[in-house]
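Let's take a friendly walk through the charged side chains of a protein model. Please have a look at it first.

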Amino acid sequence: MKIITNPTQPEIKKAAKALKDGHLVAFPTETVYGLGADATNTKAVSRIYSVKGRPTGHPLIVHVSSINLLHQWAVDIPEYAIDLAKEFWPGPITLILKRSELAQNFITGDQDNVGIRVPDHPVALALLDEFEKLEGFGIAAPSANKYGAVSPTTGEAVEEELGRFLQIKDLILDDGLCKVGVESSIIDCTNDYPIVLRPGAITNEMIEKITRRKIPLVLEKSTVKASGLLESHYSPEAKVVIGKIAAPGEGFIALANIPTPTGVIRLASPNNVDEYARVFYEALRLGDHRGLKKIIVFQPEGDGLAIAIRDRLGKASSGNLAL
Ligand code: TXA
Ligand code: MG
């Protein structure tokens, strides 16, 4: 495995060729780093599962360079989904749509639908562009972490998570910290109205405005399965507790306006919710690097990305609450 920091255009071109040849390439997106494989190559995709230790049958998101490739992967696309794609791509939103024949069972987890996204990151877009020039159709990429662990938001975190499981011709493209920091919003567009499967930077309000449809509040309405919906996910080694009090020796994550209690190990002091999302996963990792047993997290309040942070926090903590 080779790590390429701040990849140049020729290096990105080589990475696209590596993908086309069936190797894995981890790459940055605006949300988190993805572990990429040619989405039409069953052998390459099966390596994603073994490297991540992810149970088979969990579907993967297919990344493409633009909305123009949407119709290659999906059929019977509702008008409101096209509106979402036009408005927010490239960007942190994944659309679940009825699949075309190109999206085979090894991508969709045997479901009749497929997740598609155009990421908003110059390296990801250049990689997709070069890959498509080689007649590739799309890059399947889950977050580049071990199954159930914290998503990586830096190249180092990818190496730490997966480096030892990658093969000699696999690559990691490192471009520093991801600007959003939590995974894309996932929207099930297989019904007459959108259903949010995973909250992210594109909020319900933004989706309702563009689609002119109400999002139903009850999640059970969706019949699609998503592994990020499992109760426990996004977890570091340390026990994560949603709390209001931290004791000496414990890790602590809270907005900057909240003072650090005596003896507590501060892992992050973001100034606002956007910064909170950007540094949150790195702060959890830092807790593990420091060998902490417990990390107390004060959750951010309000809407927008705060909803996505509370969602991930709920899963990272498996509901551990300290009042
Ligand atoms: O921001 C992101 O979405 C990142 C970057 C790399 O693009 N990717 C990502 O992938 O978070 P992953 O596999 O770690 O999480 C995607 C979630 C999983 O829970 C998966 O089960 C769900 O999306 N998913 C993917 N395709 C699906 C489909 N066809 N139907 C339902 N859920 C799907
Ligand atoms: Mg993931």
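## Salt bridges in the model

In this predicted model, D21 and K17 form a salt bridge, with their closest N and O atoms 3.0 Å apart. The term means that a side-chain nitrogen of Lys or Arg lies within 4 Å of a carboxyl oxygen of Asp or Glu. Side chains of opposite charge can pair when their charged atoms come close. D21 is partly exposed, at 47% relative accessible area, and K17 is partly exposed as well, at 41%. Here buried means under 20% relative accessible area, exposed over 50%, and partly exposed in between (1.4 Å probe, protein chains only).

How many salt bridges does the structure hold? There are 14, and the table shows some of them.

| Pair | Closest N and O atoms |
|---|---|
| D21 and K17 | 3.0 Å |
| K98 and D76 | 3.2 Å |

K98 pairs with D76. K98 sits in strand β5 (residues 93-98) and D76 in the loop between α3 (70-73) and α4 (79-88), so their contact ties together parts 22 residues apart in sequence. Helices (H or I, at least four residues) and strands (E, at least two) are DSSP runs, numbered from the N terminus. K98 is partly exposed at 36%, whereas D76 is exposed at 59%.

A salt-bridge network links E183, D311, R312 and K315.

Residues are numbered from 1 along each chain as its sequence is written, and chains are lettered from A and ligands numbered from 1 in the order in which they are written. Because this is a predicted model, local features need pLDDT of at least 70 and side-chain atom pairs count only at pLDDT 80 or more, while totals for chains, interfaces and linings use all residues; side-chain values use heavy atoms, leaving out hydrogens and water.
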